[in-house]
Amino acid sequence: MKRAVTPALIGAFLMSAALSASAATPEAKAAYKQATAAATATYKAARAQCDVITGNPKEVCVEEAKAARVRTVEEASAIYKNTLKAYTQSRQTIASANFDLDKAKCRALTGNDKDVCMQQAKSTLIAAQADARADKKAIEARTDARDDKRTAEYKVALEKCDAFAGAVKDTCVSAAKSQYGK
């Protein structure tokens, strides 16, 4: 039931969101539309294959198709929006879709096995959502720390400029402002 996710991939995914806050480009919009169209087509094909199955295996098949579609659409949406909030929301929505899949798998079981399976599914959901929130907070903290460091370095550069006078001081201050984006 656990989903194997490479932490480095998630970190790179989230860091790219935190570091680049640019508006969506026409290429990004086209890629998003293409990804959603492909996800819909893949879902319909997978769903059609599920129609020949009956019972719980059919439910599992349908939930797998839905989870795959949700993953593709959410990842494309997060890349398109390119914000930390979008990446976090995407991860939480994917976790919910995986939870629905896990619940469908658990419905085939009975008794204590079913109870354990449902608890494991809920535990996996809570862990994935908590990881998404924690990663968001960690990235926000790193961003704040980076901004504080840049501000402190800028103040040091301005202090160094105080040793000069006239045009040299003006040049020094301009260089500090351009270097630290102030």
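# Notebook: charges and contacts in a helical model

I began at Asp147, which is found in helix H5. Helices here are DSSP runs of H or I with at least four residues, strands are E runs of at least two, and numbering starts from the N terminus. This is a predicted model, where local features need pLDDT of at least 70, side-chain atom pairs count only at pLDDT 80 or more, and totals for chains, interfaces and linings use all residues. Residues are numbered from 1 along each chain as its sequence is written, and side-chain values use heavy atoms, with hydrogens and water left out.

**Entry 1**

I checked the cover on Asp147. Its relative accessible area is 37%, so I logged Asp147 as partly exposed. My scale: buried is under 20% relative accessible area, exposed is over 50%, and partly exposed is in between (1.4 Å probe, protein chains only). Patch members have over 30% relative accessible area and no salt bridge, and like charges are joined within 9 Å. I placed each charge at NZ of Lys, CZ of Arg, CG of Asp or CD of Glu.

**Entry 2: the positive patch**

Arg146, Arg150, Lys155 and Lys182 form a surface patch of positive charge. Lys155 sits in helix H5, which covers residues 111-161. Lys155 has 55% relative accessibility and therefore counts as exposed.

**Entry 3: the whole chain**

I stepped back to the fold. The protein chain has six helices and zero strands. Its pattern along the sequence reads α-α-α-α-α-α. How much of the chain is buried? I noted 26% of the 182 residues. Areas come from the Shrake-Rupley method with a 1.4 Å probe; for residues, only the protein chains shown count as cover. I then looked at contacts, meaning heavy atoms within 4.5 Å. Among contacts with a separation of 6 or more, 67% join residues 24 or more positions apart.

**Entry 4: salt bridges**

Side chains of opposite charge can pair when their charged atoms come close. I required a side-chain nitrogen of Lys or Arg within 4 Å of a carboxyl oxygen of Asp or Glu. The count by this rule is eight salt bridges.

I opened the Lys66 and Glu63 pair, with N to O at 3.9 Å. Why are these two about one helical turn apart? They are three residues apart in helix H3, and that puts about one turn between them. Helix H3 spans residues 56-81. Lys66 is partly exposed at 31% relative accessibility, whereas Glu63 is buried at 14%. Beyond its neighbours within four places in sequence, Glu63 is in contact with Asp100, Leu101 and Ala104.

Then I took Arg91 and Asp135, whose salt bridge has an N to O distance of 2.6 Å. This pair links distant parts of the chain: Arg91 is in helix H4 (residues 84-106), Asp135 is in helix H5, and 44 residues separate them. Arg91 is buried at 16% relative accessible area; Asp135 is partly exposed at 26%. I also logged a network: Arg47, Asp51 and Lys58 are joined by salt bridges that share partners. In the Asp51 and Arg47 bridge, the closest N and O atoms are 3.9 Å apart. Asp51 is partly exposed at 44% relative accessibility. Arg47 is partly exposed too, with 29% relative accessible area.

Is Ala132 buried or exposed? It is buried, with a relative accessible area of 1%. Ala132 and Arg91 are 41 residues apart in sequence, yet their C-alpha atoms are 6.3 Å apart. Leaving aside neighbours within four places, Ala132 is in contact with Thr88, Arg91 and Gln92.

**Entry 5: a backbone check**

Most residues other than glycine have a negative phi, and most peptide bonds are trans. I looked up Asn82, which has a positive phi of about 55° although it is not a glycine. Asn82 lies in the loop between H3 and H4. With 12% relative accessible area, Asn82 is buried.

Terms used. Patch = residues over 30% accessible without salt bridge, like charges linked within 9 Å, V, L, I, M, F, W, Y side chains within 5 Å. Lys, Arg positive; Asp, Glu negative; His and termini not counted.
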